[in-house]
Amino acid sequence: MYSEKVMEHFSNPRNVGEIEDADGIGEVGNPVCGDLMTIFIKVDDGRLSDVKFKTFGCGAAIATSSMITELAKGKTIEEALEITRDDVADSLDGLPPVKMHCSNLAADGLHAAIEDYKKKSK
Amino acid sequence: MDRIYMDHGATTKPDPEVVNAMLPYYNEFFGNASSLHSTGQDAAKVLNRSREIIADLIGARSDEIIFTSGGTESDNLALKGIAYHKKNAGKHIITSIIEHPAILNTCKYMGETGFSITYVPVDDQGVVNPEDIAAAITDDTILISIMHANNEIGTIQPVKEISKIAHEHDVLMHTDAVQSVGKIPVNVDDLGVDMLSISGHKLYGPKGVGALYVRKGTRLQSLVQGGAHEFGKRAGTENIPGIVGFAKAVELANQRLFEDEKHLTNLRDTMIKKLLDSIPYSYLNGHPTLRLPNNVHIRFNFVEGESLLMMLNMKGVDVSTGSACSSKSLEPSHVLMALGLPPEEIHGNLRITMGRENTMKEVDYVVENLIDIVRKLRAMSPLAPKE
């Protein structure tokens, strides 16, 4: 059902955890639906110096969370905002169609964390 | 390492004796049981013998057994067959909200085609209250269908009491016994049912074959028109190899019933105790004692079922989950919802259904790995309390 890449990220997720003094936190999903993602970002000189996640959800939710941290780390805020749900799915060699909507929340989570950062730094 | 198969609620591995019993009916004895020549009559003989073996397991007469393609068809035949036959007597059917989709979706279809259906609830352990059945009966009620044991949480229903109520009101009683036959003693007279569904592949038999027990004198309309097979209740040339394998599986189940039941109950209770003792925020779903001897259904808060299943899969263990994420519909299990669990707790469940080949060593292996897996997933979960 899942690609090898999804399975690889699911079994060895990157950047799991919280950032204690995060500059932005994005929370998306809903435990009632079975997926909840929290993305933490650290920003230095307009770049995402650190990205971490905590996720409650299925294999796809965990793999997309892990992937977004890899895609976003080191990018500028502007570059990170351009990462889409499809980019995440493509980087994982695709997701089963049924998972594209419900569990592919990581890009939304990252964008929410950036919004949070922008709000706080105003 | 060999995989550890603990999804016997889904299907079972056919016993080698079953497969061996079937082979001659592919390779050599290929006759059509309706043919009058010797080749055909050999098939007719084994068909009758198989019917007797299956009837014997459930305390029925052989002419009360109708072979079908499996549990789903048996359920369809019971519900539609009675309803269409009795439609002038009444159009109301009573069932429960935790039935298998083979019953629920048949009822839904019948509800759309002129019948009215009452779905009785269950308590928080998944048990139907016979009083709810009694209260639902009207002058229009023709049939009650309540499963013997639930396929997800393994709860055994008070079918005997419900049959008694049904008959006091002159209503027919069907039970879907697909999950219970072969695992616990099932006797149609003791249960008092008029019809009972069985499936071959849930008891180490082949897929594609099952039976509906229909009590002598109970009339129902055939759903498949054609020849006069199966006492005119189900047309089509009989699946002789499948039926032979089904009968062999039933014969073995009959011989091993008490041994299997004792073995499985021991594995089940050990696994439940070890999991609940060693994993905080874990709970047993269903009834502690009124449950199938092979069914462990556990809820682990703050983690999601598909993740649990996949991590166990990577450790070589096959189980299943009622999690929404694992279903094609993305709807969580209707059975777990019926228990009244809060929505966020419906997602982190595992159904572990053991079989006669499972061992205590395998139980220990699964428990040890689940402890690690739940810890790993909770460390990732934003919902879990910090350790």
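Visitor: What makes V19(B), L23(B) and Y26(B) a nonpolar surface patch?

Guide: In this predicted model, the three make a patch of about 280 Å². Patch residues have over 30% relative accessible area and no salt bridge, with nonpolar side chains (Val, Leu, Ile, Met, Phe, Trp, Tyr) joined within 5 Å and like charges within 9 Å. Areas come from the Shrake-Rupley method with a 1.4 Å probe, and for residues only the protein chains shown count as cover.

Visitor: Why is V19(B) called partly exposed?

Guide: Buried means under 20% relative accessible area, exposed over 50%, and partly exposed in between. V19(B) has 36%, so it counts as partly exposed.

Visitor: Is R299(B) buried or exposed?

Guide: R299(B) is buried, because its relative accessible area is 11%.

Visitor: How do you know that E345(B) and R299(B) meet in a salt bridge?

Guide: A salt bridge needs a side-chain nitrogen of Lys or Arg within 4 Å of a carboxyl oxygen of Asp or Glu. Here the N to O distance is 2.9 Å. The pair ties together parts that are 46 residues apart in sequence.

Visitor: What makes D372(B) and R375(B) a salt bridge?

Guide: Their side chains meet at 3.9 Å, N to O, and the cut-off is 4 Å. D372(B) is partly exposed at 46%, and R375(B) is partly exposed at 44%.

Visitor: What do the numbers and letters rest on?

Guide: Residues are numbered from 1 along each chain as its sequence is written, while chains are lettered from A and ligands numbered from 1 in the order written. Local features need pLDDT of at least 70, side-chain atom pairs count only at pLDDT 80 or more, totals for chains, interfaces and linings use all residues, and side-chain values use heavy atoms, leaving out hydrogens and water.

Terms used. Buried < 20%, exposed > 50% of the residue type's maximum accessible area, 1.4 Å probe, protein only. Helix = DSSP H or I, 4+ residues; strand = E, 2+ residues; numbered from the N terminus.
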